[in-house]
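Me: Please take a close look at a single part of this structure. I would like the surroundings of the ligand, and the strands there, in one connected answer.

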Amino acid sequence: MSTSSLQDVAWHSLPAEEAAARLAASFEQGLDDAEVSCRRSQHGENRLTPAPSRGPLLRFALQFVQPLVLVLVLAGLVTAVLGEWVDAAVIFGVTLVNAIIGFIQEGRAESALAALARSVISEVTVLRGGGKQRLSSTELVPGDVVLLAAGDKVPADLRLFRSRDLQAIEAALTGESTAVAKSGDTLPENTLLGERCNMAYAGTVMISGQGAGVVVATGDHTETGRISRLIAEAPDLTTPLTRRMAVFSNWLLLAIGLLAALTFAVGIWRGESAFAMFMAAVALAVGAIPEGLPAAMTITLAIGVSRMARRRAIIRKLPAVETLGSTTVICSDKTGTLTENQMTVREIHAGGVRTVVSGSGYSPNGKVGDGGDVTGALRECLVAGALCNDAGLSRSNRHWEIVGDPTEGALLVVARKAGLDERTLQKLFPRLDEIPFDSARQYMATLHDIDGARVAYFKGALEQLLSRSLSMLDGNGRSVALRREEIESAAATMAAAGLRVLAVARLAAGAAVSLSASSAEAGLEFVGLVGMVDPPRPKAIAAVRTCHAAGITVKMITGDHAATALSIARQMGIARAGETAIGGRELAALDDAALCEVVRRVNVFARVEPAQKLRLVRALQANGEVVAMTGDGVNDAPALKQADIGIAMGLGGTEVAKDAAEMVLTDDDFAAIEAAVEEGRGVYDNLVKFITWTLPTNFGEGLVIVAAILAGATLPITPLQILWINMTTAVFLGLMLAFEPIEHAVMRRPPRPPGTPILDAALVWRIVLVSLLLLAGSFGLFLRELAQGHSLAEARTVAVNVFVVVEGMYLFNCRSLKVSALRLRLFSNPAIWYGILVMALLQAALTYLPLMNRLFATAPIGGREWLEIGAVGVLAYLVVGVEKQLRARR
Ligand code: ATP
């Protein structure tokens, strides 16, 4: 069975059985392991070969198309025309180095982001060797039987053989965004691609129902693979902050241009030569332009993204890194995010009797009641729970595991504890039809043949099933009048203890062969209540506390019962004593204005339908909140898109939700959201630290030039020396701030309101202060050297070293924006020390190597000079330190 022979088959025109026969596949068993590995070696992995992205040449060329760089290039050209070859060469050299660094860093950031996006593996449920398995979609081979459910992204091209209300969005393939119904019927051979309802194509998504199909093509041989090679989209590396910085640099450029022109004019007016003044203007432009800024920002963001990934939050869109730092409200699902999603049935209320269940986890060791035979309503409740169920229970390495929904897994476990094995039950009472579970409908139903009679079993939310029940089973299994209050009060007691309550009911279905939503309207017979624990995740409890300290409100939005939700919320500190929950039905009755008011004070939203989440997000946003919202289902996608940060679950989430989200949690744990917020705040801090550090160098250099011209003095630093300072210090000193660990205080202060200026008044003032210190220190020592009869080259070397040493000392001040440098652990960021070491070696080379002396017009200086330079550095450090202290006191 070669790949090409598979490609030629019009699978939609074959009856499903014949398609399976051609693929040597079995609908009941799937493939076995030996067959799978044989086919894998023949057909390869199920993935698309990525198309090459933007070529390296183009990417490199784009590095020069930035206003800051263009000005440098222009300066270099004019310098060359004036015959200053060395200067021109160095200016070009610097631009080139800058472009290379930008190119490498950008490439790294892009591929890191792309790799992260890919690391969110999409899993599929397949039938292999007669059992259900979850595996990565890359492992599929032709002939595999794939089970589809709402929210799945179709992993390969499938010929469907079973379908229940299955609907797909095929926009990825056909561009058509309305849902199309899918069925297993055979079609004429000339049916168009968009109308082949018995096929499910790779890359399309299932938005409702359930179904199964056999893989007919994988990887590049799928329709998507054939029509378009996957366009390896380069991730967007800009964020609101980098865009604001770009605008800022443009203004800066304008200001520098004007200042340069002014300097030139003043110099000429004072009788200086046009050539000297032009070189001064170039020096000013080159000095005042923060060349390293764009690269540093991208690198800092990229480092933040990889730190978040290590803490189990995968960023899919870079701007999210920043938005996370401004988040004011986190709306979280309960089940699986705040809780473990490890369900264990603790008690059953059936036939008016409460029965306690022992044992823990998914191991079927434990007793139902006293361990004796189960009878009457209790038995029926267990049987119904095991039959109205899509989960599987298995044992690997002495460890019990479930495949599928944990709520359903728990029902299989409790049935086994009572000696009822679901596999035997399923054989005895085969399933004829089903209504799959749906968060909006809140129940699931299956139809069975029970010893010749048709019985439908229902399980779901109490409100849904009790209201439809007319009678109930008693302890002996007889049908008696419904005792509604008794059931409601039993459910309320369970829920108040934090148990998740599931109701079970049944219906004598006469001769029915199929189920429909209206079947449930016929009047059910109530069977029982099952109460299960789902303990809060310990890390999530701590994370909620941290969020509160950080001024972030945590809200629980759940499909579960209000009392259960409230009890868990209280255990986790989300709701305080006395606080109440509000239900989906009450929410529906509120108009938008009232809703805005309610979302301000209520923290627990129960029985919320996914569609209501969108309204909740909008109401919160209308109140000025920056909202992070979790979701896992197809219906959650609109709310995830609307939220400022949509967060999807990596383990339990559907592909649709992941596609809509900005961030994916690899372990579904709420704690990862808190970690991501912390990292987001840390990244922003580090960016601000870099800016606060870098701007004084530029302003200081600018000031030195302007002051020299105004004073009619020789330039204390040449354009080349300025370039040297800017490039080396940005890379080896400033960039090291990106590795600064997060300060403890970040989660003890309120969220940063979006749109606040990057630099507050205090930081602007600090930048001015340091610029003035640089001016005074370098100009002062420069003049002093000259006055003592040293050469111009020596005086300039001193001035250059003042800049570098002050920058190095100031780097320690910038390790924290508010906290004194002395209070930080000295070696908590080793990168700083490596950077300083390299910088020291570079300065030694610049000062003492003859080649460097010739290139940069520097000269060796003596020990006394170094002492003076060091003194200026320490002084600058102390002045900034005192300024920080004074401000902190205030
Ligand atoms: P969260 O929204 O926090 O994840 P949840 O899992 O309770 O909580 P849904 O999955 O929307 O939210 O479930 C809503 C209700 O539907 C549950 O409280 C339960 O009563 C019922 N339910 C959940 N899973 C099933 C299932 N597999 N079969 C039948 N009913 C279910």
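Reply: What follows starts at the ligand and then turns to the strands.

This is a predicted model, where local features need pLDDT of at least 70, side-chain atom pairs count only at pLDDT 80 or more, and totals for chains, interfaces and linings use all residues. Residues are numbered from 1 along each chain as its sequence is written, and side-chain values use heavy atoms, with hydrogens and water left out.

Start with the shell. The ligand is surrounded by 18 residues, counted when one of their heavy atoms lies within 4 Å of it. The closest are Lys334, Asp405, Glu408, Arg500 and Thr558.

Next, the polar contacts (pairs of N or O atoms within 3.5 Å). Glutamate 408 has a side-chain N or O atom 2.9 Å from a nitrogen atom of the ligand. For serine 439, a side-chain N or O atom is 3.2 Å from a ligand oxygen. Aspartate 560 places a polar side-chain atom 3.1 Å from an oxygen atom of the ligand. On its own the ligand has 600 Å² of accessible area, and the protein covers 91% of this. Accessible areas come from the Shrake-Rupley method with a 1.4 Å probe; for residues, only the protein chains shown count as cover.

Which elements give two or more residues to the shell around the ligand? They are S16 and S19. Both names follow the DSSP runs, numbered from the N terminus (strands are E, at least two residues; helices are H or I, at least four). The largest share of the shell, 3 residues, comes from S19.

Now S19 itself. This strand spans residues 500–508. It is largely enclosed by the rest of the structure, because 7 of its 9 residues are buried. Buried means under 20% relative accessible area, exposed over 50%, and partly exposed in between, with a 1.4 Å probe and protein chains only.

S19 has strand partners; two strands pair if DSSP finds at least two bridges between them. Strand S16 (residues 453–460) is joined to S19 by 6 bridges, and the two run antiparallel.

Note on methods. A polar contact is a pair of N or O atoms within 3.5 Å; within protein, one must be able to donate a hydrogen and the other to accept it, and residues adjacent in sequence count only if both atoms are side-chain atoms.
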